[in-house]
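Trainee: I would like to go through the terms used for this chain. Please set each value against its definition.

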Amino acid sequence: MTTCARSSGSSGCGRGGSYARVCTTDYAPRGIRRWARSQHDHHMGFVNTADGAEIYYKDWGSGRPVVLAHGWPLNSDSWEAQQLFLAANGYRAIAHDRRGHGRSTQTWDGNEMDTYADDLAAVIDALDLRDITLVGFSTGGGEVARYVGRHGTSRVAQVVLVSAVPPFMLLTPDNPGGVPVEVFDGIRAGSLADRSQQYQDLADGPFFGNNRPGADVSQGIRDAFWRQGLQAGHRNAYECIAAFSATDFRPDLDAIDVPTLVIHGDDDQVVPFAVGGQASAARIKNARLSVYAGAPHGITDTHKEQLSLDLLDFLKEHDA
């Protein structure tokens, strides 16, 4: 395992310029035009699963595929900054709404990791994607890991885990560093009592680190979290709490045999760094760990420039 630590304020990441320049000057004119032209081939749609659920996906750009799995209680809109950036830089960026979330079917059953992983496989198979970089944020990291555990890596070239829940969040006798079940019981209780307020409290506080001194997370970012949360079905979001907290992904991580990048903030108040990224990187063979110093859980928004550039660098390693 190798470790790369970066400060939270270095959006340029030592690559000769800021994210804004990369997007609007260095890459964007040609990249955005290429992305726009590709839309006659790839837009959005639904994939039908074996049990009849419809899984919504957004399919932007052309090139080698990058598949992005979102966190709880969000949907594919949470990836839009990275999806637009990667599509503008020569990749086919695909993000789906997990069943019960966003625009996908709100099924009564199937709100657990095995089914989530099989739904992801259904999307990958329906679009006949190969040589994929699989990227999972938070709960989506569990979905990606379980996909590998159940379906292997024959279609997968790289894996990226971002603020992800593996290896195993729950405190148990054989996982003494985990989080006590009472914490997750509290999340369940809050969901039943007033989930709208719960989502506002998460967005205003620990998810984006807005409860830290000097934090300045925009109202728009916080409102987007709340909006996406309420798009999820009540039962689906409730049952997903057990899926992300009580699923043991350790055997799934052991099955990962492709280059893997683990990205995690060391001030993550939702999936603590030691429980998540640090433990996953230590377990996955030859994984690389990138630590965002002082960063919270929701780095897809708070550190979107740094994350987008790090993803692009990792993608290019495979393409070289």
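Mentor: Start with histidine 303, which counts as buried because its relative accessibility is 8% and buried means under 20% relative accessible area, exposed over 50%, partly exposed in between (1.4 Å probe, protein chains only). This is a predicted model, where local features need pLDDT of at least 70, side-chain atom pairs count only at pLDDT 80 or more, and totals for chains, interfaces and linings use all residues. Residues are numbered from 1 along each chain as its sequence is written, and side-chain values use heavy atoms, leaving out hydrogens and water.

Trainee: Where is the place of histidine 303?

Mentor: Histidine 303 is in the loop between α11 (299-302) and α12 (304-319). Helices (H or I, at least four residues) and strands (E, at least two) are DSSP runs, numbered from the N terminus. The chain has 12 helices and nine strands.

Trainee: What makes lysine 58 and aspartate 77 a salt bridge?

Mentor: A salt bridge is a side-chain nitrogen of Lys or Arg within 4 Å of a carboxyl oxygen of Asp or Glu. For lysine 58 and aspartate 77 the N to O distance is 2.8 Å, so the pair meets the definition. Lysine 58 lies in strand β3 (residues 54-60) and aspartate 77 in the loop between β4 (64-69) and α3 (80-88), so the pair ties together parts 19 residues apart in sequence.

Trainee: How do you know whether arginine 283 and aspartate 254 are buried, partly exposed or exposed?

Mentor: Arginine 283 has a relative accessible area of 37%, so it is partly exposed. Aspartate 254, at 48%, is partly exposed. These two form a salt bridge, with the closest N and O atoms 2.9 Å apart.

Trainee: What is the largest nonpolar core?

Mentor: A nonpolar core is a set of buried Ala, Val, Leu, Ile, Met, Phe, Trp, Tyr and Cys residues joined through side-chain atoms within 4.5 Å. The largest one has 82 residues, and Leu134 and Tyr147 have the most contacts inside it. Helix α4 (residues 113-126) gives the most to this core, with eight residues.

Trainee: Which residues does leucine 134 touch?

Mentor: Contact means heavy atoms within 4.5 Å. Not counting residues up to four places away in sequence, leucine 134 touches several residues, among them Val67, Leu120, Ile124 and Tyr147.
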